[in-house]
Amino acid sequence: MAWWVHELGHLFGLSGKFKTIFCNIATSEHGSFTTLKPLCPTRWTVRVVAVHSVLKQYEAVLLSLEEMASTGGSETATKVNGLLDRFQKGNTVLGLHLAMEVLEVMECLNKSLQKRSITFAGMQAAVHCVKTALQEKRTEGTFQQIFDSATELVTSLNISPIEMPRIRRPPKRLAGEIAAHAPAGSVDYFRREFYKMLDTADVQFRERFHQTSFEVLQKLENVLVTGKGDAIVDQYPEINRRMLDVH
């Protein structure tokens, strides 16, 4: 889903015609507009603003793409029609809502880790806080609120409803009891997908921030911050422990 937001942001930045169309439509509806931005490939912490801008101005995005598709040249027609087709699907709306639930928390952590004043202990505390916040979202109630919010927007825009993608079932002789665990409907399907996203984030946290070497770094930081010596310093001959105690 984020890819389509990225492509829309590129279109806004490269096509003066689309930019003018969008600004006029968004301003006439809301009195002002927010710039549509691509997802910067280098500043990977900046994603929430781009997704939020699309969700906040979704109707203006659709109207602008429709007008651009009807008046644009052949060079951009294919791209514009492709974007219009994607954004007219309820699944895209739901996908962006679900992504925001994770991106908002993750972006907060990313910015925190990039602060010059961050300490190792502070990093560990921030990671623990974010892990807890994400796991607290892993409830049926939380997902239902997100699903209902997305459904409300889809209904108001009169676009394709949220639908469970077609699942290709393997032959019974190969699947065994797996077939009995098929999703009961779109809510069940997308809830499972949302849980998978949260679980993937949790696994990445454990792999990245719970390494054995981090214990060594924690002890070294404690030495520098508290000024109290530790045997861990003896593992590094380039560090003069006696001089360190003096400093």
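**Exercise 1: Cysteines**

Cys108 is exposed, with a relative accessible area of 55%. The model is a predicted one.

Task: Find how many disulfides the structure has, and where the cysteine sulfur nearest to that of Cys108 lies.

Solution. 
- Step 1. A disulfide is a covalent bond between the sulfur atoms of two cysteines.
- Step 2. Searching the whole structure gives zero disulfides. Cys108 is in none, and its nearest cysteine sulfur belongs to Cys129, 7.8 Å away.
- Step 3. The cut-off for a disulfide is a pair of cysteine sulfur atoms within 2.5 Å. The sulfur of Cys129 has its closest cysteine sulfur in Cys108, and at 7.8 Å this is too far for a bond.
- Step 4. Cys129 is exposed, with a relative accessible area of 52%.

**Exercise 2: Packing of H6 and H7**

Task: Determine how H6 (residues 90–113) is oriented relative to H7 (residues 120–136), and which residues make the contact.

Solution. 
- Step 1. The two helices, H6 and H7, pack at about 175°, and their axes are 10 Å apart.
- Step 2. Angles over 145 degrees count as roughly antiparallel, so H6 is roughly antiparallel to H7.
- Step 3. H6 contributes Glu101, Val102, Val105, Met106, Leu109, Ser112 and Leu113. H7 contributes Met123, Ala126, Val127, Val130, Ala133 and Leu134.
- Step 4. Sorted by class, the contact of H6 with H7 has eleven nonpolar residues, one polar and one charged.

**Exercise 3: Helix H1**

Task: Compare the span of H1 with the expected value, and list its buried residues.

Solution. 
- Step 1. H1 covers residues 2–14, which is 13 residues.
- Step 2. From first C-alpha to last, H1 reaches 18 Å, close to the 18 Å expected at 1.5 Å a residue.
- Step 3. Buried in H1 are Val5, His6, Glu7, Leu8, Gly9, Leu11 and Phe12.

How values were computed:
Residues are numbered from 1 along each chain as its sequence is written. This is a predicted model: local features need pLDDT of at least 70, side-chain atom pairs count only at pLDDT 80 or more; totals for chains, interfaces and linings use all residues. Side-chain values use heavy atoms; hydrogens and water are left out. Buried means under 20% relative accessible area, exposed over 50%, partly exposed in between (1.4 Å probe, protein chains only). Helices (H or I, at least four residues) and strands (E, at least two) are DSSP runs, numbered from the N terminus. The expected span of a helix is 1.5 Å times one less than its number of residues. Axes are lines fitted to C-alpha atoms, for helices over the stretch in contact, and angles run from 0 to 180 degrees between N-to-C directions. Angles under 35 degrees count as roughly parallel, over 145 as roughly antiparallel, 65 to 115 as roughly perpendicular and the rest as oblique. Contact means heavy atoms within 4.5 Å. Ala, Val, Leu, Ile, Met, Phe, Trp, Tyr, Cys and Pro count as nonpolar, Asp, Glu, Lys and Arg as charged, and the others, Gly among them, as polar.
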